[in-house]
Amino acid sequence: AGVCWFVQVVHYPLMERVGFGGWDNYQKGHTARTSLVVVPAMLTELGTGTLLVWAEWGNVLFLLNYAALVIIWLSTFLIQVPIHNHLLVGWDSRQHTRLVQSNWIRTILWSLRTILLFLIVF
């Protein structure tokens, strides 16, 4: 959730300031470096979320947590990844706006998951 809030409030909005001349290198570097941080975390999250819901099937908090996780993954691969792929071709302010707006789906759901996990633990 913390990484997503950083991306939503700082990182994605600042993309429009890169400029046309440096955009291609920036986007390629952004994609590669962000993947190093995000992919292992998301895979770990998917694995542990699956184990939790499997171990406690029927627990409403675990099911809601897992449902949010599934929607995050769907949003990532059906919405945000295609936008990033489009931006790899070149800067597009319309696609950038779509990226910033659509990422609220993940930001809100990761925040919800944080609350649910807090309730589960305590």
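A residue is called buried when its relative accessible area is under 20%, exposed when that value is over 50%, and partly exposed in between, as calculated with a 1.4 Å probe on protein chains only. By this definition Thr107 is buried, because its relative accessible area is 0%. The structure is a predicted model, in which local features need pLDDT of at least 70 and side-chain atom pairs count only at pLDDT 80 or more, while totals for chains, interfaces and linings use all residues. Residues are numbered from 1 along each chain as its sequence is written, and side-chain values use heavy atoms, with hydrogens and water left out.

- Thr107 belongs to helix 4, which covers residues 93-121, where helices (H or I, at least four residues) are DSSP runs numbered from the N terminus.
- Apart from neighbours within four places in sequence, Thr107 is in contact (heavy atoms within 4.5 Å) with Cys4, Trp5 and Gln8.

**The salt bridge**

- The count comes to one salt bridge, a term that requires a side-chain nitrogen of Lys or Arg within 4 Å of a carboxyl oxygen of Asp or Glu.
- Glu45 and Arg113 form a salt bridge through their side chains, at 2.3 Å from N to O.
- This pair links distant parts of the chain, since Glu45 sits in helix 2 (residues 20-55) and Arg113 in helix 4, 68 residues apart.
- Both Glu45 and Arg113 are buried.

**Leu88 and its surroundings**

- Leu88, a residue of helix 3 (residues 60-89), counts as partly exposed because its relative accessibility is 29%.
- When residues up to four places away in sequence are not counted, Leu88 touches Asp24, Gln27, Lys28 and Thr31.
- Leu88 and Asn25 are 63 residues apart in sequence, and their C-alpha atoms are 9.0 Å apart in space.

Definitions and conventions:
Helix = DSSP H or I, 4+ residues; strand = E, 2+ residues; numbered from the N terminus.
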